[in-house]
Amino acid sequence: MQSLTLANGRPIPQLGYGVYTMTSGEVERCLPEAIATGYTHIDTANAYFNEVAVGRAIRESGVRREDLFVTTKLFPQSYSYEQCSSDIDASLERLDMDYVDLMLFHQPYGDYVSGWRAMEEAVRAGKVRAIGLSNFPLHKVDQILEVATIKPSVLQVEINPYWNQHEYKAALAARGLEGAVFEGWYPLGHGDKGLLGEPLFAKLGEKYRKTPAQIVLRWHLQEGNVVFPTTRSVEHLRENLDVFDFELAPNEMARVNALPQRPYYVVPEDAPGFVLAHNDYRKQA
Ligand code: NAD
């Protein structure tokens with residue numbers, strides 16, 4: 001598996017498996033299949049309510065913990081310095097793991113500034129190997145950079161051919177985060193038939209004998225993105241991993257990057273209702 005290198009010197013597999021929207025039952029059915037297919041990177045979150053199942057499926061896979069890269073994310077209710085370290089422990093307990101490879105602040109609301117210190121303490125305690133931010137606009141990344149002794153090494157945001165985040169990436173490089181790794185959510189458009197139906201992907205797919213999804217995933221890899229498409233299908237699990245034997249030419253990358261840009265989801269400045277209401281994740285079994 002092709003990897004990028006995090007600021008801590010550790011590799012992060014560029015193609016992984018995301019378990020957003022999956023029930024615990026689906027995780028227990030699909031994640032072992034994904035690991036058996038060759039996936040070594042798993043992206044979950046407190047708010048997905050499936051950390052227990054992720055931990056169980058990993059243990060039962062028989063693959064050594066150190067051969068996997070596991071990410072989870074805290075929701076804003078956990079961010080305050082007083083709350084953060086105990087909620088990191090709770091996450092590790094649900095996963096039944098001594099550490100996670102990456103812990104993210106999932107949403108840019110609440111007391112993320114005070115919580116960042118607890119995230120850094122978790123790195124120093126060996127509970128978390130790398131820390132980062134998800135869905136943080138530039139001005140909120142700046143607030144973290146003002147207090148950080150360990151800078152965010154991963155930024156997870158929406159990235160796909162309709163929202164390539166070139167401006168966001170350039171702005172963060174200008175802030176001294178040029179070594180940061182960008183992870184893209186909705187990498188295949190979250191099931192939008194319009195994205196995978198783009199005539200350009202069919203055309204490139206014909207040339208390389210690949211599906212539109214494989215063309216899009218190849219574009220991500222060559223953009224330097226880390227992605228973890230979700231699927232419950234064994235066929236798609238295999239298909240999504242079969243993208244390392246061809247390369248898009250520079251002019252083809254440019255054509256993808258010339259597609260009209262618009263995000264699927266605009267992250268609101270203030271916490272939307274679902275974030276405020278989503279405070280019962282600690283009860284998950
Ligand atoms: P996605 O772009 O991965 O799309 C998933 C959809 O694509 C599913 O409907 C699936 O059936 C379909 N699909 C998968 N492989 C396919 C293939 N080869 N051909 C055709 N269709 C295929 O969107 P997602 O699932 O929302 O995002 C992926 C991951 O990103 C999530 O599991 C999660 O880990 C992460 N994520 C994070 C955030 C965040 O706020 N940080 C938000 C959304 C998602």
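The model is predicted, with local features requiring pLDDT of at least 70, side-chain atom pairs counting only at pLDDT 80 or more, and totals for chains, interfaces and linings using all residues. Residues are numbered from 1 along each chain as its sequence is written, and side-chain values use heavy atoms, without hydrogens and water.

Next, display the polar contacts (pairs of N or O atoms within 3.5 Å). A ligand nitrogen lies 2.8 Å from a side-chain N or O atom of Asn-240. A ligand oxygen is 2.9 Å from a side-chain N or O atom of Asn-135, and an oxygen of the ligand is 3.3 Å from a polar backbone atom of Val-19.

Now show the largest pocket, where the ligand sits (more than half of its atoms within 2 Å of the grid points). A pocket is an open set of points on a 1 Å grid over the protein atoms alone, where a 1.4 Å probe fits, with protein on both sides within 12 Å along at least five of seven lines; lining residues have an atom within 4 Å of a point. The space, filled by probe spheres set on the points, is about 910 Å³. Of its 37 lining residues, Tyr-20, Tyr-186, Pro-187, His-190 and Thr-230 are closest to the centre.

Finally, select Trp-163, Gln-165, Tyr-168, Pro-263 and Val-267, which lie nearest the centre of the second largest pocket. Helix α6 (166-174) supplies the largest share of that lining, three residues.

Conventions: Polar contact = N/O pair within 3.5 Å; in protein donor to acceptor, adjacent residues only side chain to side chain. Helix = DSSP H or I, 4+ residues; strand = E, 2+ residues; numbered from the N terminus.
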